Amino acid sequence: MNSKFRPINVLTDFSENPFTFFARAPILLAGDHEQYNAMTIGWGSLGTLWGMERPTATVYVAPARHTFEFIENAKFFVIMTFASSMVADFMGTYSGRDIDKAKTLGLTVDYTLHGCPYFVEATTVMECEIMYSAPLDSAGFRNQVPKRLYENFPAGIHSVFVGEVVAMWERK
Ligand SMILES: Cc1cc2nc3c(=O)[nH]c(=O)nc-3n(C[C@H](O)[C@H](O)[C@H](O)COP(=O)(O)O)c2cc1C
């Protein structure tokens, strides 16, 4: 990990409101040393699963996203926050299919101990090991909220990705 960052224990030192964390529109990145893609992620949750002391980050990615192809095949993903909302605006508007978003924004790639890429300009980096993924099943839509949303959602029904938070760093 880059020396500009210090590790945080999410179980004792994470002070953000988990209900509003994803409203900050962080950046989700999946990939490896060869290739990766990143996009803005607004839907997700922080909590626990399969162990009281196993912190998890859950994200929802639509199949039309270029990032989907990467996270489907990845072992890890990272969720990053940035000081400037410009990164989220750009990463959430353009697709990695069309342009190199990181290059356009002038972001620098480095790698976690697990070999997952992240951007050195981030203010926090949360690294997650994917434990579970599956498409949301429309048979499970229990009220009008998901039914109405997907009536007109060209990017397709999201898949859920549950990651165990294996490390987190913040900028020194
Ligand atoms: C604020 C914001 C939040 C977003 N949240 C999500 C999300 O939770 N899940 C998702 O699939 N797409 C989400 N998107 C859309 C993707 O970020 C967007 O389609 C992006 O261009 C996909 O890039 P890619 O094709 O390079 O993966 C969001 C976009 C914005 C602007």
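Analyst: Contacts come first: two residues are in contact if their C-beta atoms, placed from the backbone, lie within 7 Å. Among contacts in the chain with a separation of 6 or more, 72% join residues 24 or more positions apart. This is a predicted model, in which local features need pLDDT of at least 70 and side-chain atom pairs count only at pLDDT 80 or more, while totals for chains, interfaces and linings use all residues. Residues are numbered from 1 along each chain as its sequence is written.

User: Which residues of helix α2 are buried?

Analyst: A residue is buried if 20 or more other C-beta atoms lie within 10 Å of its own, exposed if 12 or fewer, and partly exposed in between. Helices (H or I, at least four residues) and strands (E, at least two) are DSSP runs, numbered from the N terminus. In α2, which covers residues 66-73, the buried ones are Thr 67, Phe 68, Phe 70 and Ile 71. Seen down the axis of α2, these residues fall within an arc of 165° (taken from the directions from the helix axis to the C-beta atoms), so they line one face of the helix. Their cover includes β2, β3, β5, β6 and β10.
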